[in-house]
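Please open the model in your viewer and keep the sequence panel beside it, with selections ready to be made by residue number. The stops below are meant to be followed in order.

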Amino acid sequence: MLLIVFLGVGGRLDAQVVGPIAWDSVQGVSSPRLFGINVWDGTDPNVSAQPGYASKLAAVSPGPVRIHSVETLIPGNQKAWVDSSFEWQPQTIDAVLSNVSPVVGELMLNVPRWPSMWNESGSSRLDPSRYTDYADFVAELLDIANNQLGHDVGWIEPFNEVDPLYDGNTAELATIHNAVVAAARAVDPDIKIGAGAWLQPFDDTDIRQFVNAVGAANMDAFTYHHYATSSVSTDRNFLYDRAASGSSSVAGRGRAVRDILDDLPGGDSVELWLSETNVYSSFDKDTTGLMAGGAGAVWDALLHASAIRRGDVDVIQPWNDSDGTYGKFTPDASQLRPAGHVRELMASLMVGEWVTAFSFAPDDLQVFAVVEGDRHAAMLINRSGAPLDVELSGFSTNGFMDQFEVHTVDDSGLSIDNESISSHGGLSFALGADSVQFVVFTERLAGDYNGDGLVGAIDYTIWRDTLGSVTELAADGDNDGEVTLADYDVWRDNFGASASGESVTIPEPTALIQLLAVALVAAFAYRVCRAQGRANG
């Protein structure tokens, strides 16, 4: 089936073709593992223990969760995991992991960097005499978490954004990394290693030097950070382009980093994680709160759709869980923000086989579509800056159940509507500015010719009344373009089935015999008509 999207601006339908969706044209697989997150606010055990925090975290992130906060290494801070002597505090670690672990599939612990008292004289780099001390420091955290407390931390990341300290000499940073890897694996041989937490995503020379010195055996993933802008720009076109348009965009940069990894012997086995991303690189740049509103939702949708299509990045971990500026949900964990709603819907509806879907007017509307089992979902992203009227047409709705869902995310949050194909009037939708809409169709059961989720007598009537038709194809159960006797067999073989799986009322034997008798008469008449047609032809 082919779905064509027509677009109108400001309530005016221009009948401009924006993009087709070919549901049968599978291009790749969208994995739920792509949808990770950073836990920053939740490194404070009082935050992660809030009612609703765990459920919100699970909603926005079925993929790997990265626990990272510089404040965990600031003694006296409310997020501190160390005391004044830089000794790890098992009680605090246990509290946070106990709040987060039950809802997380994969968990990464990040150690931001070494204590400043271990810096070499006159710089912020680690003193070479402290390499072993730092390796043991990281390994001790892992030992406490997994061996002493019994948690299941699967990943460790030895530092965060320290690559600028080693510009031109990242092989030395690799030496520190490899020392940590050896110590961590001595504590937990099954631990996976995240390498980099790289601040400078365009620093090809230093990235290549680092990964070559680390080697594929000492990293299971290379992790890097990329934000859309360090400016205070509120230009929607600029920000949306920075999400997904071109090789220097947040979604596009992954190709160059992936190429560097693939050039490394064994590097094709190393995953690529975009382990920090969002619109603004620092919270004070978001002067108008774009990330907390509909614009943040559109930006996330554009980034993820483009990244899935490109296929370079394995995991995306937005910054962050629930702070006052970036968070996918509110700091009190009471509700998801618009970007959180989009994240939840993408993680549930945009996983499966993604299909051909593109836009002829990408500056106005982006389209992404996924098929998973009997569910067909289209994500419509309005990045135009103005309201749009969109009409879905050019495809047969006969193969879908009559009821479908529309999930709309905008500045006001999430709204959900249950619609009916038969009464919707052309499948037209209004998309507000800075909004994302998910339209979800469900394939009919075989033999369900009226799309009500049941295979019953009404469906037989539809078949009987359209037998022989090549234009009214609601009862074309085998999708051969004509209602034939074979479509009666589809109905008969599935009679009594229900989309909900619940039992349905099946006609008494006498009534069923009467239906079958009518079917035989109709079938005989159909054969006669076909025979006469051939004879007259």
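Select residues 294-310 and then residues 338-349, which are helix α9 and helix α10, and look at how they pack, at an angle of about 30° and with their axes 7 Å apart. Axes here are lines fitted to C-alpha atoms, for helices over the stretch in contact, and angles run from 0 to 180 degrees between N-to-C directions. Because angles under 35 degrees count as roughly parallel, α9 and α10 are roughly parallel to each other. Show side chains next: G294, G296, A297, D300, A301 and H304 of α9 make the contact with P338, A339, V342, R343 and M346 of α10, where contact means heavy atoms within 4.5 Å. Coloured by class, the residues of this contact are 6 nonpolar, 3 polar and 2 charged, with Ala, Val, Leu, Ile, Met, Phe, Trp, Tyr, Cys and Pro counted as nonpolar, Asp, Glu, Lys and Arg as charged, and the others, Gly among them, as polar.

A word on the model: it is predicted, local features need pLDDT of at least 70, side-chain atom pairs count only at pLDDT 80 or more, and totals for chains, interfaces and linings use all residues. Residues are numbered from 1 along each chain as its sequence is written, and side-chain values use heavy atoms, with hydrogens and water left out.

Move on to α12 and α13, whose axes come within 10 Å and cross at roughly 180°. That makes α12 roughly antiparallel to α13, the term for angles over 145 degrees. Select D459, Y460 and W463 in α12, and then L485, D487, Y488 and W491 in α13, which they meet; the residues of this contact divide into 5 nonpolar, no polar and 2 charged.

Now centre on D476, in the loop between α12 (457-466) and α13 (485-494). Is D476 buried or exposed? With a relative accessibility of 8%, D476 counts as buried, the cut-offs being under 20% relative accessible area for buried, over 50% for exposed and partly exposed in between (1.4 Å probe, protein chains only). Apart from neighbours within four places in sequence, D476 is in contact with G481, E482, V483 and D487.

Finally, zoom out to the protein chain, which has 14 helices and 18 strands, taken as DSSP runs (H or I, at least four residues, for helices; E, at least two, for strands) and numbered from the N terminus. Of its 537 residues, 53% count as buried.

Note on methods
Angles under 35 degrees count as roughly parallel, over 145 as roughly antiparallel, 65 to 115 as roughly perpendicular and the rest as oblique.
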